[in-house]
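This report is meant for a reader who has not seen the structure before.

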Amino acid sequence: MYNPFSLRGKTILITGASSGIGRSTAVECSRLGARCVITGRNAERLQQTMDALVGEGHLQVIADLAITEEIDSLVSGIPAIDGLVNNAGVGFNKPISFVSQSDLERVFQANTFAPMLLTKAILRKKKLNKQGSIVFTSSVSAFGSNYGRSVYGASKSAIMAYMHYCARELAEKQIRVNAVHPAMTETPLIYSGTLTEEDRQKDMAQYPLKRYAKPEEIAYAIIYLLSDAASWTTGTSLIVDGGLSLL
Amino acid sequence: MELNEFVAHFAEQFDETDASVFTPETVFHELDEWSSLIGLSVIAMVDEEYGIALKGDDVKSSVTIEDLFNKVKARA
């Protein structure tokens, strides 16, 4: 069947696959024929993602990407890949005047340094095939403004800048590098604390499409960038935000 | 953990409302200056001062400052 978005024959590594956008991306990649290598920190939840994958040959590796040795052993243990989805990340919501050095270190470690170091390790060990695709899960917060999101937004903006440099440098190898920038998505990350249900309802109402994203709606954007349909797309930020940035 | 100290920390999150307005019985959601940003600041203050991670719902369901103090105290 004709489908330029098919991932058949491709092996895709997805980080943060134990929940949210990462899990959905893994499931949708498997439905489009990819062989998935999924990674996350939580064994039980990663297994749930594994169980939800369609088809055969998928691998799961438990790894904490905050630890360089775990990045190295992850990369050593996987087959060559055609796509890398740097998706794992943490949320953070605190007014500027309360931000501590340890907050900065924790958020930048997860959202910025870990994907940079994983990308480096994959390239150094030559695990990404020619014509490969790297996708970063950035955020609309990279373009900044909502209060409480200064550190999160800066970490996601940094990874967007890194994406640009990767796109330029890796074009030599015909490797494409892009980012998706979701707005609020129905994942555990947005239920982790500071917002009440009332806050969420009020926030949702301001979106032109009047709701938050479903995780698969972000996954489809990631899949476009992984697929051969995007073979002339590199260095791009794909904003998937229900119209939020129109405001 | 002392109530008056908690009220003082709570009051520090406000710029316009005079410190004398704040007592343990203050119904803080009704203050003109109350906003979700101040709510976020209160959560961050409790984390910094008392090492306790409140949820947005803890703030929402508290009527007076003392109500919130009691939630923090119960988890200390």
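## A tryptophan in a loop

Leaving aside residues up to four places away in sequence, W34(B) touches F28(B) and H29(B); two residues are in contact if their C-beta atoms, placed from the backbone, lie within 7 Å. W34(B) sits in the loop between helix 1 (3-11) and helix 2 (36-50) of chain B. The C-alpha atoms of W34(B) and T17(B) are 9.3 Å apart, and the two residues are separated by 17 residues along the chain.

W34(B) has 16 C-beta neighbours inside 10 Å and therefore counts as partly exposed. A residue is buried if 20 or more other C-beta atoms lie within 10 Å of its own, exposed if 12 or fewer, and partly exposed in between, with C-beta atoms placed from the backbone.

## Basis of the model

The model is predicted: local features need pLDDT of at least 70, side-chain atom pairs count only at pLDDT 80 or more, and totals for chains, interfaces and linings use all residues. Residues are numbered from 1 along each chain as its sequence is written, while chains are lettered from A and ligands numbered from 1 in the order in which they are written.

## Chain B as a whole

Chain B has 4 helices and 0 strands, in the order α-α-α-α from the N terminus on. Helices (H or I, at least four residues) and strands (E, at least two) are DSSP runs, numbered from the N terminus. The radius of gyration of chain B is 11 Å, close to the 11 Å that the globule rule gives for 76 residues, so chain B is as compact as a globular protein of that length. The radius is taken over C-alpha atoms, and the rule is 2.2 Å times the number of residues to the power 0.38.

Along the principal axes, the C-alpha atoms of chain B fill a box of roughly 30 × 25 × 20 Å. Of its 76 residues, 32% count as buried. Among contacts in chain B between residues at least 6 apart in sequence, 53% join residues at least 24 apart.

## Helix 1 against helix 4 in chain B

Helix 1 of chain B packs with helix 4 (residues 65-75) of chain B at an angle of about 115°, the axes being 10 Å apart. Axes are lines fitted to C-alpha atoms, for helices over the stretch in contact, and angles run from 0 to 180 degrees between N-to-C directions. The angle makes helix 1 of chain B roughly perpendicular to helix 4 of chain B. Angles under 35 degrees count as roughly parallel, over 145 as roughly antiparallel, 65 to 115 as roughly perpendicular and the rest as oblique.

On the side of helix 1 of chain B, L3(B), F6(B), V7(B) and F10(B) meet I65(B), E66(B) and F69(B) in helix 4 of chain B. This contact has 6 nonpolar, no polar and 1 charged residues. Ala, Val, Leu, Ile, Met, Phe, Trp, Tyr, Cys and Pro count as nonpolar, Asp, Glu, Lys and Arg as charged, and the others, Gly among them, as polar.

## Where chain B touches chain A

The contact takes 13 residues from chain B and 12 residues from chain A. On the side of chain B, helix 2 and helix 3 (56-60) each supply at least two residues. Helix 2 of chain B gives the most, with 8 residues. The side of chain B that touches chain A divides into 6 nonpolar, 3 polar and 4 charged residues.
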